[in-house]
Amino acid sequence: MIRIDVGNLTFTARLERDRAPKTVDALLRLVPLSGSLLQARWSGESAWMPLGNLETGVTEENATDRPEPGQLLLYPHGVSETEILFPYGKTIFASKFGILRGNHVMTIVTGQDQLAELGRRVVWEGAQPIRFSLAD
């Protein structure tokens, strides 16, 4: 399990180990991971954590372009930079280059009731601090 803190909002996510084992391993190599969560410009009701040109060593695995709220994706670099997509509502994963497919790597299991507030904050307050760590 992964703990995700966005400001004072706390979520717990299940790792999708059966569907994306290589992506889960890549994510776990990065944890603990901190950065900024921003409103996604082209993906609808979703936020993203940019990771630049980080090489994850994975390719497409359990990939989707239409995650449900709380289904976090790791985009492992390609036509766009490496990122974690954090959908809080209706999402079609895209960039200025068009539709993207990211690896569904974890799913929120506690804190779903805070997704709308997360969305409100990234839209109206701007970038939010985010931290991924192993859950106790």
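Of the 136 residues of the protein, 51% count as buried. The model is a predicted one. Its secondary structure amounts to 2 helices and 11 strands. Along the sequence, these elements follow the order β-β-α-β-β-β-β-β-β-β-β-α-β.

The overall dimensions were examined next. A compact globule of 136 residues would have a radius of gyration near 14 Å, and the 13 Å of the protein therefore agrees with that expectation. Along the principal axes, the C-alpha atoms occupy a box of roughly 35 × 35 × 25 Å. Contacts between residues at least 6 apart in sequence were also considered; 72% of them join residues at least 24 apart.

Helix 1 spans residues 21–30. Within this helix, Thr23, Val24, Ala26 and Leu27 are buried. Viewed down the helix axis, the buried residues fall within an arc of 160 degrees, so they line one face of helix 1. The cover over these buried residues includes strand 2 (9–15) and strand 6 (71–75). Strand 7 (83–91) and strand 10 (102–110) are also among the elements that cover them. The face of helix 1 turned away from the buried side carries Lys22 and Arg29, both exposed.

The protein has 14 positive and 16 negative charges. The mean positions of the two sets of charges are 1 Å apart.

Technical notes
Residues are numbered from 1 along each chain as its sequence is written. This is a predicted model: local features need pLDDT of at least 70, side-chain atom pairs count only at pLDDT 80 or more; totals for chains, interfaces and linings use all residues. Side-chain values use heavy atoms; hydrogens and water are left out. Buried means under 20% relative accessible area, exposed over 50%, partly exposed in between (1.4 Å probe, protein chains only). Helices (H or I, at least four residues) and strands (E, at least two) are DSSP runs, numbered from the N terminus. The arc is that of the directions from the helix axis to the C-beta atoms. Contact means heavy atoms within 4.5 Å. The radius of gyration is taken over C-alpha atoms; the globule rule is 2.2 Å times the number of residues to the power 0.38. Lys and Arg count as positive and Asp and Glu as negative; His and the chain ends are not counted. The place of a charge is taken as NZ of Lys, CZ of Arg, CG of Asp or CD of Glu.
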